[in-house]
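Subject: Structure handover

Hi,

Here is the structure for you to look over. My notes follow below it.

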Amino acid sequence: MDTATVTDASWPRGDSRVWRVCADLGEIFVKLYPSTEKYEREVLGCEHATQALAPDEAPHLLASDPDRSAVVLSALPGRVVRGLPLERTEEQHVHRLAGNLLRRWHDAPELISDLELQRIMASVNMQADEAAMILERIGDQLSPAEQDLVRDAACGLPHLAQSLPLAYRHGDYSPRNWLWDAAPGHHSLIDFEESAPGVAIEDLVWLCGAAWPTRPDLRDAFLAGYGRLLSSSEQRALVLLTARLGVSYLNTGLTKADTVLIDRGRTVLEHMVRAPR
């Protein structure tokens with residue numbers, strides 16, 4: 001370590017604290033967490049990855065310190081997918097691999113206790129309550145079709161969630177947590193601090209809201225990799241959960257006068273109004 005090179009690899013947000021350490025014996029990452037909960041989720045997520053994925057598809061937990069909420073993780077080859085200048089066919093291939101990886105992540109069994117089940121349903125209920133609250137607060141900022149969609153989320157999600165498949169979710173399944181090594185064509189996954197048992201379809205919400213509306217080819221590629229089409233209940237839940245996220249963006253944007261969040265929220269809602277559900 002006396003000759004190691006240390007580079008700040010944090011995301012550009014206040015609570016991200018990650019360092020890349022390059023030493024004679026190789027490369028590792030040191031990561032500190034803003035809460036005990038996120039630290040514990042990362043540790044458990046690494047354990048789940050050892051069951052669900054190939055050894056080179058996720059980082060290995062090399063050391064952990066609960067007192068500091070810190071871990072040491074092995075490095076993986078490749079670059080973060082978000083922002084990579086990929087050709088259309090290569091991007092489709094990456095999304096197909098991402099769908100396949102997520103299917104294996106979801107299929108690896110994890111015991112979901114009664115307490116966890118209560119937490120999962122409480123989380124869905126909170127999202128439904130949030131949609132209802134925002135509808136009452138800024139309903140006049142929404143079109144009639146958007147009002148109906150948000151109302152469907154508020155009224156329909158709690159009942160719908162009772163029939164949806166549960167799994168160990170990654171919790172932040174998006175291209176910023178995918179790595180791509182183009183030369184061997186290798187795809188891998190990082191960042192497990194949001195992982196936990198939950199409604200499996202929630203892992204598709206970011207993609208549904210941000211990527212698929214303008215790139216249906218990526219949706220087709222991802223689901224081909226996932227290995228099955230979504231059921232009608234899953235498709236409806238996905239649209240409603242994504243609409244809840246969109247109206248949350250819009251509400252926060254209006255509250256903070258943040259035009260980026262306002263535009264993002266309106267775009268998601270416009271797309272979800274047109275999505276089949």
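Which residues are buried in H1? Lys38, Tyr39, Arg41, Glu42, Val43, Gly45, Cys46, His48, Ala49 and Ala52 are. Buried means under 20% relative accessible area, exposed means over 50%, and partly exposed is in between, with a 1.4 Å probe and protein chains only. Helices (H or I, at least four residues) and strands (E, at least two) are DSSP runs, numbered from the N terminus.

Some ground rules. This is a predicted model, in which local features need pLDDT of at least 70, side-chain atom pairs count only at pLDDT 80 or more, and totals for chains, interfaces and linings use all residues. Residues are numbered from 1 along each chain as its sequence is written, and side-chain values use heavy atoms, with hydrogens and water left out.

H1 covers residues 36–52, which is 17 residues. From first C-alpha to last, H1 reaches 24 Å, close to the expected 24 Å. The expected span is 1.5 Å times one less than the number of residues. H2 covers residues 88–107 and has 20 residues. H2 reaches 29 Å, close to the 28 Å expected.

The buried residues of H2 are Gln92, Val94, His95, Ala98, Gly99, Leu101, Leu102, Trp105 and His106. They pack against H1, strand S7 (166–169), S8, S9, helix H5 (205–211) and helix H6 (216–226). Contact here and below means heavy atoms within 4.5 Å.

**H7 and its two partners**

Two packed helices are described by the angle between their axes and the distance between the axes. Axes are lines fitted to C-alpha atoms, for helices over the stretch in contact, and angles run from 0 to 180 degrees between N-to-C directions. Angles under 35 degrees count as roughly parallel, over 145 as roughly antiparallel, 65 to 115 as roughly perpendicular, and the rest as oblique.

Take H4 (residues 144–161) and H7 (residues 232–256). They pack at about 130°, with axes 9 Å apart. H4 is therefore oblique to H7. The crossing of H4 past H7 is left-handed. That term applies if the near helix is turned anticlockwise from the far one by less than a right angle; clockwise is right-handed. H4 contributes Leu149, Val150, Asp152, Ala153, Gly156, Leu157 and Leu160 to the contact. H7 contributes Ser233, Arg236, Ala237, Val239, Leu240, Leu241, Ala243 and Val247. By class, the residues of this contact are 11 nonpolar, 2 polar and 2 charged. Ala, Val, Leu, Ile, Met, Phe, Trp, Tyr, Cys and Pro count as nonpolar, Asp, Glu, Lys and Arg as charged, and the others, Gly among them, as polar.

H7 also packs with H8 (residues 259–274), at about 155° and with axes 7 Å apart. So H7 is roughly antiparallel to H8. This crossing is left-handed too. On the H7 side, the contact includes Val239, Ala243 and Val247. On the H8 side, it includes Leu261, Ile262 and Met272. The H7 contact with H8 has 11 nonpolar, 5 polar and 2 charged residues.

Asn251 sits in H7. It counts as buried because its relative accessible area is 11%. Beyond neighbours within four places in sequence, Asn251 contacts Ile134, Arg137 and Ile138.

Ala154 sits in H4. Ala154 counts as buried because its relative accessibility is 17%. Ala154 and His186 are 32 residues apart in sequence and 40 Å apart in space, C-alpha to C-alpha.

**Positive phi**

Most residues other than glycine have a negative phi. Ser69 has a positive phi of about 50°. It lies in the loop between strand S4 (61–65) and strand S5 (70–74). At 9% relative accessibility, Ser69 is buried. Ala257 has a positive phi of about 55°. Its loop joins H7 and H8. At 62%, Ala257 is exposed.

Pro197 is in strand S10 (residues 196–199). Its relative accessibility is 10%, so Pro197 counts as buried. Residues that Pro197 touches include Ile112, Glu116 and Tyr168.

Pro184 is in the loop between strand S8 (178–181) and strand S9 (186–189). Its relative accessibility is 57%, so Pro184 counts as exposed. Pro184 and Gly78 are 106 residues apart in sequence and 9.8 Å apart in space, C-alpha to C-alpha.

Best wishes
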